[in-house]
Amino acid sequence: MNYDSILSDKVKDMKPSGIRKFFDLAANMEGVISLGVGEPDFQTPWLIRKKALDVLERKRMIYSSNQGLAELRENISDYLERKYNLKYDPVGEVIVTVGGSEAIDLAIRAVVNPGDEVLIVEPSFVCYKPIVELMHGVAVPIPTKEENRFKLTADELRSHITDKTKLLILPYPNNPTGAIMTREDLESIAEVLRGTDILVLSDEIYSELTYGRKHCSVAEIPGMHERTIYVSGFSKAFAMTGWRLGYLCAPKPLASQMLKIHQYAIMCAPTMSQYAAIVALKDCDKEVDKMVEEYNVRRRILVDGFNRIGLTCFEPEGAFYVFPCVKSTGMTSEEFCSKLLEEKKVAVVPGNAFGESGEGFIRVSYAYSLKHLMKALECIEDFVKNHTASGKGEI
């Protein structure tokens with residue numbers, strides 16, 4: 001059988017995830033310090049785990065409604081209003097999904113027609129572009145710059161808008177850079193979008209993880225709520241990656257169409273996880289604050305460490321990644337990461353995995369123990385010194 005002639009051309013042309021490439025390489029080596037995957041090293045808070053155990057013991061694990069448990073949707077609505085001054089009707093404007101990734105997929109599939117242009121702020125998470133292309137849309141990257149602290153500026157946005165622009169994907173706090181957008185930044189973006197029919201997919205999965213500044217959602221800016229699809233979840237802030245639970249919020253005319261896709265493709269998110277997530281939203285603010293405090297310590301150590309080594313590092317204000325520049329070594333991002341893994345058994349992700357504008361940078365996750373981070377810094381410093389001394393790069 002000729003599988004090549006049977007498979008979808010779009011799928012065959014799709015590149016594998018650059019994140020998973022290095023994760024898989026590291027998994028097949030012994031003694032690797034892996035700083036490549038954005039997965040908290042904290043245990044899921046006990047109150048959440050206890051609720052799941054109680055549910056397993058006392059309740060039948062049956063399907064929930066397609067939208068998700070009514071109680072969970074009500075708590076999501078209450079949480080967003082309490083934390084970010086966002087108001088969504090839990091009956092028709094909130095959908096519980098299998099992770100934030102499904103929410104992103106639903107949003108793009110529901111609005112993108114063949115030929116529609118989707119503006120994607122880069123560097124950014126790896127899934128946006130492939131999903132757009134699967135829908136026969138046109139992914140249009142908007143490169144952001146280190147000198148602008150990797151923020152999207154109004155001028156950059158304006159210069160990329162055409163009469164085919166359907167959607168802007170706005171991923172802040174940002175993976176991989178750790179950049180954030182302030183209220184003032186978002187107001188300038190809103191000013192560009194007013195008077196257009198361009199929608200915004202706002203991926204705010206890291207919204208709880210900011211340092212020294214409270215997160216502001218673009219949906220809170222006047223005129224933006226009605227055009228924004230808000231995506232978030234429980235994986236990052238509540239250390240619930242394996243529970244596979246996220247959600248999206250959007251005006252009812254949009255949400256109702258996304259729900260149809262969810263009904264046919266997924267049916268519902270895991271019921272046990274949904275019950276546990278209610279406790280996360282209601283009772284775990286202090287646990288999240290403790291994790292943020294620890295991430296902040298790690299963040300400062302890594303930023304200082306990379307700058308000391310000579311790999312200049314922008315100071316992130318959100319998420320749990322640093323994005324140091326490796327251009328001074330004379331190596332590409334791929335070369336740096338490959339050689340570092342081979343010679344020092346430290347796994348990080350090349351910046352170009354997150355878009356072409358990430359070339360010359362590497363992403364390092366600090367969702368790992370301080371012990372691992374300190375050891376990795378020592379190895380990276382030794383690696384940079386060795387390559388400088390051998391004439392393979394300059395610092």
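In this predicted model, a patch of positive charge on the surface is formed by Lys51, Arg58, Lys59 and Lys282. Of these residues, Lys282 belongs to helix H11, which spans residues 271-283.

The largest pocket has a volume of about 890 Å³. Its lining comprises 30 residues, and those nearest the pocket centre are Lys15, Val126, Lys129, Pro130 and Ala353. At least two lining residues come from each of helix H2 (9-13), helix H3 (18-27), strand E3 (117-122), helix H7 (128-134) and strand E4 (138-143). The largest share of this lining is supplied by H7, with five residues.

Two cavities of 30 Å³ or more were found in a search of the whole structure. The largest cavity holds about 70 Å³ of space. It is lined by Leu170, Tyr172, Pro173, Ile180, Met181, Leu186, Ser202, Glu204, His215, Cys216 and Val218.

The peptide bond from Tyr172 to Pro173 is cis, with omega near -5°; both residues are part of the lining of the largest cavity. Pro173 is located in the loop between strand E5 (165-170) and helix H9 (183-193). A cis peptide bond also runs from Glu122 to Pro123, with omega near 0°, and Pro123 is situated in the loop that lies between E3 and H7. Both E3 and H7 contribute to the lining of the largest pocket. Phe150, although not a glycine, has a positive phi of about 55°; this residue is in the loop between E4 and helix H8 (154-160).

How values were computed. Residues numbered from 1 in each chain as written. Predicted model: local features only at pLDDT ≥ 70, side-chain atom pairs only at ≥ 80, totals over all residues. Heavy atoms only, no water. Patch = residues over 30% accessible without salt bridge, like charges linked within 9 Å, V, L, I, M, F, W, Y side chains within 5 Å. Areas by Shrake-Rupley, 256 points an atom, 1.4 Å probe, with all protein chains shown as cover. Salt bridge = Lys/Arg side-chain N within 4 Å of Asp/Glu carboxyl O. Lys, Arg positive; Asp, Glu negative; His and termini not counted. Charge placed at Lys NZ, Arg CZ, Asp CG, Glu CD. Helix = DSSP H or I, 4+ residues; strand = E, 2+ residues; numbered from the N terminus. 1 Å grid on protein atoms, 1.4 Å probe; cavity = no way out; pocket = protein on both sides within 12 Å on 5 of 7 lines; lining within 4 Å. Points joined across faces, edges and corners; volume = space filled by probe spheres on them.
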